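Hello,

Here is the structure you will be working with. Please open it first, then read the notes below it.

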Amino acid sequence: MTTDLMPGALSAHAIRDEPYYRAVGDEIEIFAAAYAGRLPVMLKGPTGCGKTRFVEHMAWRLGRPLVTVAAHEDLTAADLAGRFLLAPEGTVWQNGPLTMAVRGGAICYLDEIVEARQDATVVIHPLTDARRALPLEKKGELVPAHPDFQLTISYNPGYQSAVKDLKESTKQRFVAIEFDYPAPAVEAEIVAREADVSGEQARGLIEVGLRSRNLRGQGLAEGASTRMLIHAGKLLRAGAPVDAAIRAAILLPITDEPDLREALGAAIAASL
Ligand code: ADP
């Protein structure tokens, strides 16, 4: 027995209101062109710089539901494709999120796919070339992709090591769009809007972000992301004092090294 797509299973994934996204370059045009050709897309860049928000915005713009999967080290091909489950009425097939997107014509966003197990990366290969199909090995079925289906992945080059990286044969299947923290004036605009703080407060936080990013490579894997600056802004907005907000939203999460935290704290204090 097969429990296939429940009618409207994808309706929960529809994006009805426009997600706010401030374009930084030509990423909207490139993604739209890639989607027109149903090319798979890789969003490359550090964490917290707007990749997820961008794909949400694009799904809304293109009028497609968005199925998002956050990859982790135990994620297998079956977690994406589906599996047989034991039910009172017998063995039933349950579609995984990728199968649901492939059948229903959604955009599927695999966040940090490099984290997943090797078999999970390989299962997406036939979806990213002329075959445009998903093999359900356990079920002995090849699911052709709906004409509107598209695959997007994110990839943070900074995190990768030689042992954990996407294979060349996987990387080369994707059109890539590069993301980074936006220019200060644009990032301030985003922080002001997302955290609902004044332009002046946002510019102060951007200065903090820039100082932390200057310490990249000197012990800090990455500087404060746009997301962290927004968190600090939200604490300010709720009435937290500036130094407490920065400590809670940036200094403590970013490093467990007391020396590094102190160095960063001093660099930040000089900017306040
Ligand atoms: P990533 O997926 O790259 O880790 P997110 O998309 O979750 O990062 O971005 C973190 C937060 O930063 C978002 O929730 C959003 O508030 C904000 N953000 C970053 N860049 C932009 C942008 N260009 N436009 C609007 N919001 C942004």
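Helix H4 (residues 97-104) lies across E3 and E6, and runs at about 160 degrees to E3. Before going on: this is a predicted model, in which local features need pLDDT of at least 70 and side-chain atom pairs count only at pLDDT 80 or more, while totals for chains, interfaces and linings use all residues. Residues are numbered from 1 along each chain as its sequence is written.

Some terms. Helices (H or I, at least four residues) and strands (E, at least two) are DSSP runs, numbered from the N terminus. Axes are lines fitted to C-alpha atoms, for helices over the stretch in contact (C-beta atoms, placed from the backbone, within 7 Å). Angles run from 0 to 180 degrees between N-to-C directions.

Six of the eight residues of H4 are buried, that is, 20 or more other C-beta atoms lie within 10 Å of their own, with C-beta atoms placed from the backbone. They are Leu98, Thr99, Met100, Ala101, Val102 and Gly104.

Five strands form an open sheet in the order E3-E6-E9-E2-E10, with parallel pairing; two strands pair if DSSP finds at least two bridges between them. Strand E3 (66-70) and strand E10 (175-178) are the edge strands, each pairing on one side only. From one strand to the next, the twist averages 20 degrees.

Helix H2 (residues 51-62) also packs on the sheet and touches E2, E3, strand E6 (107-111) and E9. The direction of H2 makes about 175 degrees with that of E6.

Regards

Notes. Two residues are in contact if their C-beta atoms, placed from the backbone, lie within 7 Å. A residue is buried if 20 or more other C-beta atoms lie within 10 Å of its own, exposed if 12 or fewer, and partly exposed in between; C-beta atoms are placed from the backbone.
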